[in-house]
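Hi,

Here is the structure I promised to pass on.

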Amino acid sequence: MLTGAAVLLGVTAGPAQAAEVSYATKCVPPSGIGLPDVLGTTKVDITAPATAKVGDTVDVVWKFTQAASKNPDIIDLPANSVQPSGTLKAAGAQTADVAMTGPRENPAIPKGGAMTLSDMKGTLKLTTPGQVTLTPDAYVVNALSTDTRCAPTETVQPAATITVTAGEGSSSTSPEPSQSESQSPSSSTSPTASASASVSPSASGTGDASGQTDFTGKVVDIPYTCASPIGEKKATSPIQVNASKSGGSYALTVQFKKSVMDSPIDIPANKVKPTMQVVLGGSDEGTVKVEGPTNPAAIKQGAPIEIPDLTGTYKPGATGESTLSPGVLTIEALGTTTTCTPDSTAVSLTLTTEEQTSGASGGTGSSSTSGGATTTSGGLAETGSGDHATLKALGLVAGTAILLGGAVFTFMPGRRRLR
């Protein structure tokens, strides 16, 4: 029975072995956070079968007994918010890079505390008889969608050796471990989501002359740089600006065309509120503030986060052809503000407007009128919190990966730093 179980696992009856190796390591924090590189020591146990046959697929376990870097003095990391991934080098009779991934499982880690990382697992299919050595190499620590990259600064000694004998064995039926969702953000490439809805071209017309009152904009892909309290990240989102005329004003609705990614943490109800500054051009100038409601229900870890429709009122300040383009997006969550600034923008909607003699509407707070549009003086407001626990929770949501229209907004540490 034991032998049969071993065959099903893709290994022979040879006993498993575990060996620890330590090596000098350089860990590079996420770019822009302002923290220096960390020089430390990584200690790893590698577990693999001592013997196997050609054709076997063996399971390998990477256990951290010590990570090279600690949690920086920025935020407390909650339980199950850290995920490791890395590469194990196979050499000798055959060479291969074995992808290793661990689950997002960890105890709560305070600021300055030692990083407690889950065990990483991977599989290796054996192809050649002889001695195959297994050596730990570089690894990535993903915490709240930010990556710290660690790599050896010295030659690392093999941590385990598999003696592979000739003869076909049964391959493991267990699937290759899934790759971490944090690996896509680390590549710094966010795919541009394409709109599936059919939309009409930019509308043009006056409600008075043509009788038209509803105007549908086109979907435009807007590349953003999002800056959170712990960093910044680039992403692209498809956005559509629509308008409905009532009297001399236009009710604006800004839509993000896709749902968002799963939340890495639990977010209470009414804790996430988005706003945007729609940019005017053509005959008019300035911005119009549109905003959405807060999340009506709590968002569970692993559930999708959605950006609701953003609404506001545009009262034209000029007569002629006025354009509306997506502008700065602001996401307030748990007492902090993440600001997403377009790297470039595009016109979603064009309106034939008539100047209104009264001031602009649609803005809130301290505002001024420029060309009939509302602009907020002093830039985007940032909210604070006297609740230390809430401020810590902010760091989590600041690291929450948000898809705007199908593209992931991954908040990497950047310009600002919590201390």
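Setting aside residues up to four places away in sequence, T42 touches V21, S22, Y23, T25, F64, Q66, A68 and Y139, where contact means heavy atoms within 4.5 Å. Two of these come up again below.

Before going on, a word on what you're looking at: this is a predicted model, so local features need pLDDT of at least 70 and side-chain atom pairs count only at pLDDT 80 or more, while totals for chains, interfaces and linings use all residues. Residues are numbered from 1 along each chain as its sequence is written, and side-chain values use heavy atoms, with hydrogens and water left out.

Back to T42. You'll find T42 in strand β2 (residues 38-49); strands are DSSP runs of E, at least two residues, numbered from the N terminus. With a relative accessible area of 0%, T42 is buried (under 20% relative accessible area, with a 1.4 Å probe and protein chains only). Its side chain makes polar contacts with the side chains of T25, at 2.8 Å, and Y139, at 2.7 Å. A polar contact here is a pair of N or O atoms within 3.5 Å; within protein, one must be able to donate a hydrogen and the other to accept it, and residues adjacent in sequence count only if both atoms are side-chain atoms.

Now the cysteines. How many disulfides are there? The count comes to 2, taking a disulfide as a pair of cysteine sulfur atoms within 2.5 Å. Counting bonded cysteines along the chain, the pattern is 1-2, 3-4.

C27 is buried at 1% relative accessibility, and C150 is buried at 3%.

Another disulfide joins C226 to C340, S to S 2.0 Å. Here too the pair links distant parts of the chain, with C226 in strand β12 (residues 220-228) and C340 in strand β20 (residues 336-342), 114 residues apart. With 110° about the S-S bond, the link of C226 and C340 is right-handed. C226 is buried at 1%, and C340 is buried at 0%.

Last one: A143 lies in strand β8 (residues 130-143) and is buried at 12%. Leaving aside neighbours within four places in sequence, A143 is in contact with L77, S81 and V82.

Cheers

Terms used: Helices (H or I, at least four residues) and strands (E, at least two) are DSSP runs, numbered from the N terminus. Buried means under 20% relative accessible area, exposed over 50%, partly exposed in between (1.4 Å probe, protein chains only).
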